[in-house]
Amino acid sequence: MDSSDTQNKYGPVCHVYSSSAALCFAATNTRKEHSPTISIDGSLKHDNEIEFDWRNKISLQCTRRELPVLAATLSGYLHRCEFRNHGEEKNKSITVTRQEKNLYVELTQKGKKKISVPVTWADAFYVSTLVLEQLRISSNSQSATDVLAILKTTTANLIKFEKFQ
């Protein structure tokens with residue numbers, strides 16, 4: 001997938017690659033509310049191939065309510081997030097888990113092979129900036145510092161009152 005083609009279709013993007021799979025995080029707007037969010041595409045590499053099979057990708061888009069939870073996980077305020085029941089058939093999910101050496105992202109869709117990608121902390125930085133920028137835009141152009149402060153406070157409340165882990 002060419003970055004310039006993706007950027008023209010979506011907005012800024014961040015690609016993350018492993019030896020067998022790849023992820024593309026793209027700045028988009030939600031389909032229903034047209035709010036800034038992130039779309040995530042995942043692709044597997046064919047056996048003994050150099051290129052990824054983007055035609056058979058798994059794609060999902062974070063909802064307006066999920067975006068701050070993803071940002072909190074990327075920023076270290078939450079250990080893990082999981083979003084289920086995505087897609088028209090409600091058969092797609094994503095899990096992002098903070099591990100000692102990296103983030104671990106899993107994309108699943110019923111009937112397709114799971115896509116698992118370890119994301120280095122360096123790559124996680126760029127994914128985080130993309131996600132935080134989408135939050136900044138959706139919060140009426142507050143500064144990134146304000147967005148992080150609000151994110152920290154709301155995450156503490158999320159953990160305390162909703163028993164979120």
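Which residues does T155 touch, not counting residues up to four places away in sequence? The answer is A72, Y77 and L78, where contact means heavy atoms within 4.5 Å. The structure is a predicted model, in which local features need pLDDT of at least 70 and side-chain atom pairs count only at pLDDT 80 or more, while totals for chains, interfaces and linings use all residues. Residues are numbered from 1 along each chain as its sequence is written, and side-chain values use heavy atoms, with hydrogens and water left out.

The protein chain holds 4 helices and 8 strands; helices (H or I, at least four residues) and strands (E, at least two) are DSSP runs, numbered from the N terminus. Along the sequence, these elements follow the pattern α-β-β-β-β-α-β-β-β-β-α-α. Of the 165 residues, 42% count as buried. Here buried means under 20% relative accessible area, exposed means over 50%, and partly exposed lies in between (1.4 Å probe, protein chains only). Among contacts between residues at least 6 apart in sequence, 43% join residues at least 24 apart.

T155 itself belongs to helix 4, residues 144-162, and counts as buried because its relative accessibility is 5%. One of the residues that T155 touches is A72, which is also among the buried residues of helix 2. Helix 2 (residues 66-74) is largely enclosed by the rest of the structure, because 8 of its 9 residues are buried. These are E66, L67, V69, L70, A71, A72, T73 and L74. Just after helix 2, G76 takes a positive phi of about 90°.

Helix 2 also meets helix 3 (residues 121-138): their axes come within 10 Å and cross at roughly 145°. Such axes are lines fitted to C-alpha atoms, for helices over the stretch in contact, and angles run from 0 to 180 degrees between N-to-C directions. On the helix 2 side, the contact is made by L67, P68, L70, A71 and L74, and on the helix 3 side by V127, S128, V131, L132, Q134 and L135. By class, this contact has 9 nonpolar, 2 polar and no charged residues. In this scheme Ala, Val, Leu, Ile, Met, Phe, Trp, Tyr, Cys and Pro count as nonpolar, Asp, Glu, Lys and Arg as charged, and the others, Gly among them, as polar.

The strands come next. Strand 6 (residues 92-98) and strand 7 pair in the antiparallel sense over 7 bridges, two strands being paired if DSSP finds at least two bridges between them. A hairpin of 4 residues links strand 6 to strand 7, and R98 stands opposite L103 in strand 7. On its other pairing, strand 7 (residues 103-109) runs antiparallel to strand 8 over 5 bridges. These two strands form a hairpin with 5 residues between them, and G111 in the turn has a positive phi of about 90°.

In strand 7, L103, V105, L107 and Q109 make up the covered face, whereas Y104, E106 and T108 make up the uncovered one. In strand 8 (residues 115-119), I115, V117 and V119 are on the covered face, and S116 and P118 on the uncovered one. The bridge partner of V105 in strand 8 is V117, while Y104 stands opposite P118.

The largest nonpolar core has 37 residues, and those with the most contacts inside it are L23, F25 and I40. A nonpolar core is a set of buried Ala, Val, Leu, Ile, Met, Phe, Trp, Tyr and Cys residues joined through side-chain atoms within 4.5 Å. Not counting residues up to four places away in sequence, I40 touches L23, C24, F25, I58, S59, L60, C62, I94 and L107. One of these, L107, lies on the covered face of strand 7.

Two backbone details complete the picture. H34 is found in the loop between strand 2 (21-29) and strand 3 (36-44), and its phi is near 60°, a positive value in a residue other than glycine. With a relative accessible area of 59%, H34 is exposed. N85, in strand 5 (residues 80-86), likewise has a positive phi of about 60° although it is not a glycine.
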